[in-house]
Amino acid sequence: VHEPDLITDSDDTPLAGSPSVTSRLPSTASVELSINGDAVNADVDTRLTLLDFLRERAHLTGTKKGCNRGECGTCTVLVDGRRVNACMILITALAGRRVTTIEGLATNGRLHPVQEAFIDHDAFQCGFCTPGQIMSAVGCINEGHTADPAEIREWMSGNLCRCSAYPQIVAAVRAAAEALS
Amino acid sequence: MKPFAYTRAASAAEAVDTASRPGVAILAGGTELLNWMRIGVSEPHEVVDIGHLPLGAEIRLDGDVVHVGPLTKLNDVAAHELVGDRFPVLRQAIHKSASAQLRNLATIGGNPLQSTRCPYFRSETVTACNKRRPGSGCAARHGIADNHAIFGWTDDCVAVQPSDPATALVALDSTVVTADQNGGRRIAMRDLHALPGEDPTVHHVLRPGEVIVEIEISGAARASAYVKVRERESYEYALVSAAVALDLDGDLITRARIAVGSVAMKPWRLERAERSLAGMRIGSPEMGESVRAAFAEARPLPDSEYKLPLAQNAVLRAIEEAARP
């Protein structure tokens, strides 16, 4: 379990190459962006990632925190329609950008075709990686990398599933791509 | 992560001014900087964001030179028709470099500046590492070094530079154009990284505040290919990789350019093989001997000996793939 990134470590000894200069500039900032169609305006610690902002401030906990270093893909969201790892983005860098999370996929209470396909194909077991898998699949389908199972496996390889539901995930992505074409 | 101020550069010149001050880090794609700040590799008091600058958005052909904006996202470089048409080796290297999500964040200028994956360098506890704490030594030299160097290492550092795009860009003889407080300079991509014999404490030759403003690739390398060997099929760092660009006259090699990745602190050009391969025919028996001979100066560590045959075969396979019509 990872704490939010703004928890500092207890050892304050400067490391090599880290000048012990302190800045007079503030380590907080204001940011305005759109999340799932809603305008959001917040004062934040500059260390806050998009992932921690979504979970701790916006209370959108569908986006999961796995490795917190860009390796597992469970925090995948869309920024301006493109899939990215929310743990690798500072919220302050997203001024004016448009974020879509798993909570923003359904329209008028109707699930997105990719969500439907994951249910139809039983494409998960424990479900922890599922929001990231689904957001990544939406990106993958938009990019057009769903020609065959091998291409889907390659272009979905940034999302790990410890339950190893991969065959069902590939089937779901394939079916959703067909439904959306 | 320690507290820092966040600022946005209004121009490349402003980014240079700000980043020339001590304790300021440049934020482009962020896929390295955020992890560096998490584990304490970098502890800036100010982060200057250049991600939004118009340095990146464009890839254009001028004469016979393709100019690549350094802030172009990896996926956008790979998808560009100029790159797909002229430099298949770069397109392939990018697609094998990271997950699709990371490739939507990471930039072509930032990727070659990534740090080594040596576990002692990336450790969250204090270890001997001259790149983390100059003068502290190299824990990997007599420690766990199974993905470490076979070329160009010293007792002060046995790590490797892992960038796939950089390996392709070195094979393509590309040039990095920089801006700094003195105006800037042109650096051959093959000279961008520093071997430990030059300085074991750094990864590359860029000075504080020096910013990459363009990457230039001349000509075309349509007969080119990238082979990456790793412990799983996708989304993993290389054990070894090979970037090959050939000039062919039928099946006759008139020029060969070969860079091997993850075998040294820089992509390693196989100049000896490049010379001897010129004039050989694809598939001729002496090709294998020529490539094997180019590894004569390799000095594998006990744990990295396996890389020698792996790298030789990766180069031979990349030559075959590059020559495939």
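In what order do the four strands of the open sheet in chain B come? Reading across this predicted model, the order is E9-E10-E11-E12, with antiparallel pairing. Strand E9 (223-229) and strand E12 (268-269) of chain B sit at the edges, so to speak: each of them pairs on one side only.

Strand E11 (residues 252-261) of chain B is joined to E12(B) by two bridges, and the two strands run antiparallel. Across from B:Trp268 in E12(B) you'll find B:Val260.

| Helix (chain B) | Strands touched (chain B) | Angle between directions |
|---|---|---|
| H5 (residues 88-95) | E9 and E10 (240-249) | about 20° with E9(B) |
| H10 (residues 307-323) | E9, E10 and E11 | about 35° with E10(B) |

Now for the place where the chains meet. Chain B brings 38 residues to the contact and chain A brings 45 residues. Together they bury about 3500 Å², and 55% of that is on carbon and sulfur atoms. On chain B's side, B:Met1, B:Arg38 and B:Gln101 supply 19% of the area buried against chain A, more than any other three residues.

What about charges and polar groups? Between the chains there is one salt bridge, where the side chains of B:Asp76 and A:Arg82 meet (3.0 Å, N to O). There are also 18 residue pairs in polar contact between chain B and chain A. Several elements of chain B each supply at least two residues to the side touching chain A, among them strand E1 (5-8), helix H2 (33-39) and helix H3 (74-79). By class, that side of chain B has 13 nonpolar, 14 polar and eleven charged residues.

Methods: Residues are numbered from 1 along each chain as its sequence is written. Chains are lettered from A and ligands numbered from 1 in the order in which they are written. This is a predicted model: local features need pLDDT of at least 70, side-chain atom pairs count only at pLDDT 80 or more; totals for chains, interfaces and linings use all residues. Side-chain values use heavy atoms; hydrogens and water are left out. Contact means heavy atoms within 4.5 Å. Buried area is the accessible area (1.4 Å probe) that two parts lose on being put together, summed over both. A salt bridge is a side-chain nitrogen of Lys or Arg within 4 Å of a carboxyl oxygen of Asp or Glu. A polar contact is a pair of N or O atoms within 3.5 Å; within protein, one must be able to donate a hydrogen and the other to accept it, and residues adjacent in sequence count only if both atoms are side-chain atoms. Ala, Val, Leu, Ile, Met, Phe, Trp, Tyr, Cys and Pro count as nonpolar, Asp, Glu, Lys and Arg as charged, and the others, Gly among them, as polar. Two strands pair if DSSP finds at least two bridges between them. Axes are lines fitted to C-alpha atoms, for helices over the stretch in contact, and angles run from 0 to 180 degrees between N-to-C directions.
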